[in-house]
Amino acid sequence: MIVMNMVTPPPDIAAISALQSKLVSALRPILPEHALLWEPEDTIPYECDGLAAYRRMPLAVALPETEAQVTQILKICFDMNIPVVPRGSGTGLSGGAMPISQGLVLSLAKLKKILSIDPFTRTAVVQPGVRNLAISEAVGHLGLYYAPDPSSQIACSIGGNVNENSGGVHCLKYGLTLHNVLRVRGVLMNGEIVEFGSLAPDSPGLDLLAIMMGSEGMLAVVTEVTVKLVAKPKLARVIMASFDDIEKGGNAVAAIIAAGIIPAGLEMMDKATTRAVEEFVHAGYDLDAAAILLCESDGTPEEVAEEIERMTKVLEEAGASGIQISQNESERLKFWSGRKNAFPAAGRLAPDYYCMDGTIPRRHIATLLKRIQGMETKYGLGCLNVFHAGDGNMHPLILFNGSDQEEWHRAEEFGTEILEACVELGGTITGEHGVGIEKINSMCVQFGEGERESFWGVKSAFDPGHLLNPDKAIPTLSRCAEYGRMRISGGKLPHPELERF
Ligand SMILES: Cc1cc2nc3c(=O)[nH]c(=O)nc-3n(C[C@H](O)[C@H](O)[C@H](O)COP(=O)(O)OP(=O)(O)OC[C@H]3O[C@@H](n4cnc5c(N)ncnc54)[C@H](O)[C@@H]3O)c2cc1C
């Protein structure tokens, strides 16, 4: 595994150690012994999130068990001017929960109670450390579930989901986290408690609940979330359609939506992916197809029958070379098994893979896939494409060998070029994994100075001292200026006469 050391001045070890002692002494009286970690062997599991290429050790890690402790911790750090990085389950893929060397990691993992479930209003109030899937498990006996379903749902926390505005296969029909959360309670950096949203469908004042969604731990520490629950559909069936040409597959996605159909899931895999996954899931994928589309329908048996018929017609008209429809639940799960196992399959093809996350208008899916093919040749690296086609949310998985620094840099440049292509095609540099530290430079490409200043304005209104998860998601002016100077365009560095350090 490779480690990217973030560019920081050489650390003053004595000063850091003195600061650590001061912080630990201040936090000790308010936390039980097991809830405060500072020895390297205890804090090392927190040095990164799911983006393991980027790592940093924190001063300490606090694991509070109550909101009152969260408040006290924040007040102490506020008074000591120490940055705080909130953390859920650490499954984030953009480095959002990566520590700050002279900061505290505030883990919310121990706040994991489901506080109430109300089948009448179809809502549940949960603490931030509750796992996404645990909510559905807790309400399953009522015929209900929590709809947003990131593939990491077995592990990721609802606090993390709120802060990344996470999505999943079923979000095309049921909405992202944003559409499934009614209320959020949290604590500001100065220890003040805030609540946004309400149990009613709307709430007075500015829509600050929406601002909290995807705020990447930079505005407030979330301590309670009220989620919507939806009724479990009676039936679900999936169509597996093959295409001999990527372009036809991409156009079929746009055609389904244009026909006024919102499938319960609309996912695409390219040939390289189906070949990689078929080897161990044996789902019966068409290995000669350039692309495979999985289109799910759910609802009452009558609704499903009607929607499957309509989707089949659209897919045939779009030039599908083969169509199979799941005949029972086990076959439906078999068709999905490859999609669900695509990431582990990538892990079998190369020592490392780099999962990108950009979004484009659906009509440009084929264009981007073709450009990625060209980039594979340019960078000499393979790439699997498996993605939420209905949302235009692409997840190219770049294959590389992390023990080779040069290869990792090539993979990074490959990834940056994909994101910049997303922007060029009218899309965005992130779909559901956030900006974190990974895509902070690409923010300079996506947004102009004025827009970035506005983002800083929002950040400053919540956290004037910039202590909550600083150096993530919003680039500074000087960072963008530096990135602009260093950015390679058309294979040429700007100002090649300048000496580079
Ligand atoms: C195999 C795999 C598959 C994945 N699939 C998907 C997918 O399908 N869809 C998707 O959207 N994502 C996916 N992800 C990414 C990740 O799981 C999500 O971003 C998830 O929401 C992160 O939750 P977490 O609890 O792990 O948060 P963390 O990684 O711990 O933190 C994420 C961000 O939220 C902040 N944060 C966490 N908790 C709080 C809190 N209580 N208060 C304030 N800030 C907080 C952190 O500071 C950080 O910025 C996947 C990840 C993996 C490893």
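This is a predicted model: local features need pLDDT of at least 70, side-chain atom pairs count only at pLDDT 80 or more; totals for chains, interfaces and linings use all residues.

User: Why is I418 called buried?

Analyst: A residue is buried if 20 or more other C-beta atoms, placed from the backbone, lie within 10 Å of its own, exposed if 12 or fewer, and partly exposed in between. I418 has 23 other C-beta atoms within 10 Å, so I418 is buried.

User: Where does I418 lie, and what does I418 touch?

Analyst: I418 lies in helix α15, residues 405-424. Helices (H or I, at least four residues) and strands (E, at least two) are DSSP runs, numbered from the N terminus. Two residues are in contact if their C-beta atoms lie within 7 Å. Not counting residues up to four places away in sequence, I418 touches M356, G358, I372, M375 and P396.

User: How do you know whether N81 and D471 are buried or exposed?

Analyst: N81 has 9 other C-beta atoms within 10 Å, so N81 is exposed. D471 has 20, so D471 is buried. N81 sits in the loop between α3 (67-80) and β3 (84-87), and D471 in the loop between α17 (449-462) and α18 (477-486).

User: What makes a nonpolar core, and which residues touch the most other members of the largest one?

Analyst: A nonpolar core is a set of buried Ala, Val, Leu, Ile, Met, Phe, Trp, Tyr and Cys residues joined through C-beta atoms within 7 Å. The largest has 128 residues, of which L104, L293 and I398 touch the most other members. Helix α14 (residues 365-379) gives the most to this core, with 6 residues.

User: Which residues come nearest to the ligand?

Analyst: A residue is near a molecule if its C-beta atom lies within 6 Å of it. Of the 36 residues around the ligand, G88, G92, G96, G160 and G217 come nearest. Helix α5 gives the largest share of the shell, 5 residues.

User: Why is the ligand shell said to lie between two domains?

Analyst: Domain bounds come from an automatic or database domain assignment. Domain 1 (15-107) and domain 2 (114-231) both give residues to the shell around the ligand, so it lies between them.

Definitions and conventions. Residues are numbered from 1 along each chain as its sequence is written.
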